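Visitor: I am new to this structure. Please show it to me, and then I will ask about a few of its residues.
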Amino acid sequence: MSTSTPILSLGRSSFGQPANKGHLLSDEEAHALLNDWVPNERLRLHMKQVGAVMKAWALEREGADQQEARKWEQAGLLHDADWEKYPESHCRVIIEKLEQLNVDPDVIHCIASHGPKYFGVEPQNTMDRMIYVFDELSGFIHAAALIRPTRYDGMDVKSIMKKLKTPSFAAQVSRDDINDAIGRVSAPLEEIIQFIIDHQKDVV
């Protein structure tokens with residue numbers, strides 16, 4: 001492995017089968033997989049939040065119909081499904097599982113592209129780019145909510161922007177990744193932060 005090879009490189013850029021276009025897990029199947037694969041309650045919440053924000057963005061900003069929005073939601077809901085049990089093979093294991101289940105290749109590619117620096121898969125479309133944006137920022141904003149007595153109530157964009165400039169806060173969240181992700185979309189950072197606050201605050 002060369003020094004330029006991503007640590008968890010998937011070694012491919014094609015996922016799933018074109019014949020499975022439009023095939024998604026039922027909501028019950030997706031949540032059953034989530035609950036079975038992810039014992040950690042906090043990680044499950046993160047994935048539910050990303051799924052909810054992805055679905056909301058598809059409906060409100062991309063004009064998606066319900067079926068298309070479910071694709072966005074399912075990618076967000078399952079993007080970290082193998083992180084806890086198979087950290088050295090993230091996100092290879094969940095991708096292979098979804099391929100076995102004949103899930104829409106767009107969903108699988110979206111999951112594969114949620115960390116291009118790590119998995120070696122570049123975002124190709126808006127859904128791919130937005131999961132990259134939301135993954136890092138959703139977790140960061142939730143961390144900010146957890147230290148506030150009122151959690152999300154009264155949280156504003158200015159406070160999040162200030163924390164992004166404070167390296168010691170949520171230090172595990174890469175500001176470089178956030179900047180890279182934001183640089184790939186047309187919406188400004190402040191607008192996306194507000195959208196996340198508005199749409200993930202009630203997710204449980």
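Visitor: Which residues is histidine 90 in contact with, leaving aside its neighbours within four places in sequence?
Guide: This is a predicted model, where local features need pLDDT of at least 70, side-chain atom pairs count only at pLDDT 80 or more, and totals for chains, interfaces and linings use all residues. Residues are numbered from 1 along each chain as its sequence is written, and side-chain values use heavy atoms, without hydrogens and water. Contact means heavy atoms within 4.5 Å. With neighbours within four places set aside, the partners of histidine 90 are Leu8, His79, Asp80, Asp82, Trp83, His114 and Phe119.

Visitor: Is histidine 90 buried or exposed?
Guide: Buried means under 20% relative accessible area, exposed over 50%, and partly exposed in between (1.4 Å probe, protein chains only). Histidine 90 has 5% relative accessibility, so this residue counts as buried.

Visitor: Which side chain makes a polar contact of 2.6 Å with the side chain of histidine 90?
Guide: A polar contact is a pair of N or O atoms within 3.5 Å; within protein, one must be able to donate a hydrogen and the other to accept it, and residues adjacent in sequence count only if both atoms are side-chain atoms. The side chains of histidine 90 and aspartate 80 are joined by one of 3.2 Å. The 2.6 Å contact is made with the side chain of aspartate 82.

Visitor: What is omega for the peptide bond from histidine 90 to cysteine 91?
Guide: Most peptide bonds are trans. The bond from histidine 90 to cysteine 91 is cis. Its omega is near -5°.

Visitor: Where is arginine 151 found?
Guide: Arginine 151 is not a glycine, yet has a positive phi of about 55°. Helices (H or I, at least four residues) are DSSP runs, numbered from the N terminus. Arginine 151 is in the loop between helix H7 (126-146) and helix H8 (157-164).

Visitor: What is the volume of the largest pocket?
Guide: On a 1 Å grid over the protein atoms alone, a pocket is an open set of points where a 1.4 Å probe fits, with protein on both sides within 12 Å along at least five of seven lines. Grid points are joined across faces, edges and corners, and a volume is the space filled by probe spheres set on the points. For the largest pocket, that comes to about 800 Å³.

Visitor: Which residues are the closest to its centre?
Guide: Lining residues have an atom within 4 Å of a point. The largest pocket has 24 of them. The closest to the centre are His46, Asp80, Asp135, Glu136 and Gln172.

Key:
Helices (H or I, at least four residues) and strands (E, at least two) are DSSP runs, numbered from the N terminus.
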